[in-house]
Amino acid sequence: EMQAATHRATPIVAADLMSHDLVTVTPYTPLAEITDLFERHRFTSLPVVTSDRRFAGIIFQIHLVVQNRGTKSPFFRRKQRIQAQDIMESAERQTT
C-alpha cells in the first residue's frame, strides 16, 4: 500500500515541477540588485526576462564569481554600470 501511494496515475508534466512565483530581473537590472537577490534568496541562478516577460537568458552564481575575480578586473572599474545583460548567458546561446 505504501508503494502504491507513491505512484501517480497521470504522467508528471513540466507545470508540476515549475516554480510559479518567479523572481526575475531584466537585462537592465544593475549588478548591485542582482547580487542582493542572490544573497537574499540564496539563489543559484536567476532568470532574465524582457519587458514583455519573454525569457532572455539566465545568470548563474558563477557569472558573479567570474566578474568578481581579481581587484584589477574591469568588473571593479565598471561595477556601477554593469547590468544583467553584461553577465547573463543569453537564451540564444543556450539553444545553439
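Here are a few notes on the salt bridges and a surface patch in this predicted model.

1. Let's start with charge pairing. Side chains of opposite charge can pair when their charged atoms come close. Here the count comes to two salt bridges, taking 4 Å as the cut-off between the side-chain nitrogen and the carboxyl oxygen.

2. One of them joins the side chains of Arg-40 and Asp-36, with 2.4 Å from N to O. Both residues sit in helix α3, which covers residues 31-41. They are four residues apart, or about one turn of that helix.

3. How exposed is this pair? Arg-40 has a relative accessibility of 53% and so counts as exposed, since the cut-off is over 50%. Asp-36 has a relative accessible area of 34%, so it is partly exposed.

4. The other bridge links Asp-52 with Arg-54 through their side chains, at 3.1 Å from N to O. Asp-52 is partly exposed at 48% relative accessible area, while Arg-54 reaches 59% relative accessibility and counts as exposed.

5. Now for the nonpolar side of things. Which residues form the nonpolar patch on the surface? They are Phe-60, Ile-62, Val-65 and Val-66, and together they have about 320 Å² of accessible area.

6. Helix α4, residues 61-67, gives the most to that patch, with three residues. Val-65 is placed in helix α4. At 48% relative accessibility, Val-65 counts as partly exposed, because that value lies between the 20% and 50% cut-offs.

How values were computed: Residues are numbered from 1 along each chain as its sequence is written. This is a predicted model: local features need pLDDT of at least 70, side-chain atom pairs count only at pLDDT 80 or more; totals for chains, interfaces and linings use all residues. Side-chain values use heavy atoms; hydrogens and water are left out. Helices (H or I, at least four residues) and strands (E, at least two) are DSSP runs, numbered from the N terminus. Buried means under 20% relative accessible area, exposed over 50%, partly exposed in between (1.4 Å probe, protein chains only). Patches are made of residues with over 30% relative accessible area and no salt bridge: like charges are joined within 9 Å, nonpolar side chains (Val, Leu, Ile, Met, Phe, Trp, Tyr) within 5 Å. Accessible areas come from the Shrake-Rupley method with a 1.4 Å probe; for residues, only the protein chains shown count as cover.
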